[in-house]
Amino acid sequence: MWKFLLPFTAFVALAVLFAFGLNPKRDIHALPSPLIGKAAPSFSLTDVMDPNRAVSNTAFKGQIYIVNVWGTWCEACRQEHEALLVIAQQQVVPIIGLVFMDQRDKAKQWLEQLGNPYAAVAFDTDGRTAIDWGVYGAPETFLVDGQGRVIYKFISPMTQEVWQREFLPRIAAARRAGA
Amino acid sequence: MNSTLSLLAVILALCLSAGVPTARALDANGQIEDPVLQARFERITKDLRCLVCQNESIADSNVELASDLRRQVREMLSAGKSDDAIFDFMTDRYGDFVRFNPPLEPKTLLIWGAPFLVLVLGVIIIFRVVRRRSRMPLDDEPAPGSR
């Protein structure tokens with residue numbers, strides 16, 4: 001009995017482990033954010049386009065908004081840019097850009113060349129805002145509800161499919177809860 | 001005599017600097033001057049994972065995020081923050097995964113318990129094998145009923 005049961009149990013345990021661990025759809029770099037359900041960290045930075053203009057997420061308080069973290073060094077951010085432009089055109093919620101580990105001129109040039117989907121683009125000079133938001137790569141996209149809480153974080157390039165599957169239902173739910 | 005005195009002076013200075021955060025804890029280049037703080041800095045940064053290159057600590061990693069986080073640790077140390085306060089700051093933002101030593105809590109019970117589980121399993125297996133063998137006849141003794 002044991003001769004059969006022990007190897008069989010071991011096999012099942014390994015199969016389950018591999019099914020989770022080696023699943024190609026699972027992104028091992030996507031970590032759950034401890035910020036979910038907590039107040040979005042406030043930032044007060046300057047605008048990429050104009051260093052004299054302040055950009056702060058407190059100005060968006062009371063409404064649902066998106067914070068999209070990017071940098072010109074990030075190839076995946078170029079990939080998602082087209083999707084962000086289309087999403088911005090739908091005018092569902094404002095998208096705030098957060099540029100980090102970058103140079104202002106490069107970021108400016110990027111927006112002039114590729115188009116600007118953002119309601120405002122904050123320039124994180126020394127990476128402190130990125131640390132507050134637990135950012136460890138780019139692109140990362142946060143959804144903040146009307147109470148100023150982070151309700152979702154997406155790590156990977158944004159696509160139409162992700163927008164419809166992950167963001168729109170959450171935005172609708174947040175609207176219902178807020179109304 | 002003189003060397004004993006200077007040694008005492010050094011020890012006294014170390015004790016004082018450990019307890020009292022000084023405004024001049026960081027030099028012009030943002031590096032830590034105080035050896036006690038520096039030792040704490042090294043210990044803390046070795047226990048914090050660089051999330052970009054996940055098997056390196058922020059002490060070992062050269063990526064920009066790691067250097068930003070090292071700066072954060074340095075500044076908090078020089079502001080007199082405790083080790084726990086610094087670790088809490090990091091886990092509040094990046095989650096428990098940022099620590100190489102995850103805290104013992106229900107979620108991490110399996111990680112901490114696994115070695116003991118395997119140990120108990122091994123003891124049970126050895127116990128069973130030994131007991132079965134002890135019931136077997138010895139090789140040089142003819143088995144009952146043979147011949």
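Before you click anything: two strands pair if DSSP finds at least two bridges between them. Helices (H or I, at least four residues) and strands (E, at least two) are DSSP runs, numbered from the N terminus. You're looking at a predicted model, where local features need pLDDT of at least 70, side-chain atom pairs count only at pLDDT 80 or more, and totals for chains, interfaces and linings use all residues. Residues are numbered from 1 along each chain as its sequence is written, with chains lettered from A and ligands numbered from 1 in the order in which they are written.

**Stop 1: the sheet in chain A**

Show chain A as a cartoon and find the open sheet, whose seven strands run in the order β2-β1-β5-β4-β3-β6-β7 with mixed pairing. At the edges sit β2 (54-56) and β7 (150-155) of chain A, each pairing on one side only. From one strand to the next, the twist averages 30 degrees; angles like this run from 0 to 180 degrees between N-to-C directions, with axes as lines fitted to C-alpha atoms, for helices over the stretch in contact.

Now select β6 (residues 140-144) of chain A together with β7(A): the two pair in the antiparallel sense over five bridges. Pick A:E140 and look across to β7(A), where A:I155 is its bridge partner.

**Stop 2: strand β3(A)**

Next, select residues 65-70 of chain A, which make up strand β3. Is this strand buried or exposed? It is mostly covered, with six of its six residues buried (buried takes 20 or more other C-beta atoms within 10 Å of the residue's own, exposed 12 or fewer, partly exposed anything in between, with C-beta atoms placed from the backbone). In a regular strand the side chains alternate between the two faces of the sheet. Here A:Y65, A:V67 and A:V69 are buried on one side, and A:I66, A:N68 and A:W70 on the other.

β3(A) runs antiparallel to β6(A), joined by five bridges, and A:Y65 stands opposite A:V144. β3(A) also has five bridges to β4 (residues 95-100) of chain A, but in parallel; A:V69 has A:L98 as its bridge partner there.

**Stop 3**

Most residues other than glycine have a negative phi, and most peptide bonds are trans. Go to A:P139, in the loop between α4 (128-132) and β6 of chain A: the peptide bond from A:A138 to A:P139 is cis, with omega near -5 degrees.

Then try A:Q91, in the loop between α2 (75-90) and β4 of chain A. Its phi is near 50 degrees, a positive value, and A:Q91 counts as exposed because it has 8 C-beta neighbours inside 10 Å. A:S156, in the loop between β7 and α5 (160-178) of chain A, has a positive phi too, near 145 degrees. With 16 other C-beta atoms within 10 Å, A:S156 is partly exposed.

**Stop 4: two helices in chain B**

Switch to chain B and select helix α2 (residues 35-46) and helix α3 (residues 64-78), whose axes come within 10 Å and cross at roughly 140 degrees. α2(B) and α3(B) are therefore oblique to each other (under 35 degrees is roughly parallel, over 145 roughly antiparallel, 65 to 115 roughly perpendicular, and the rest oblique).

For the contact, show B:L37, B:R40, B:F41, B:I44 and B:T45 in α2(B), which meet B:R70, B:V73, B:R74, B:L77 and B:S78 in α3(B); contact means C-beta atoms, placed from the backbone, within 7 Å.

Conventions: Two residues are in contact if their C-beta atoms, placed from the backbone, lie within 7 Å.
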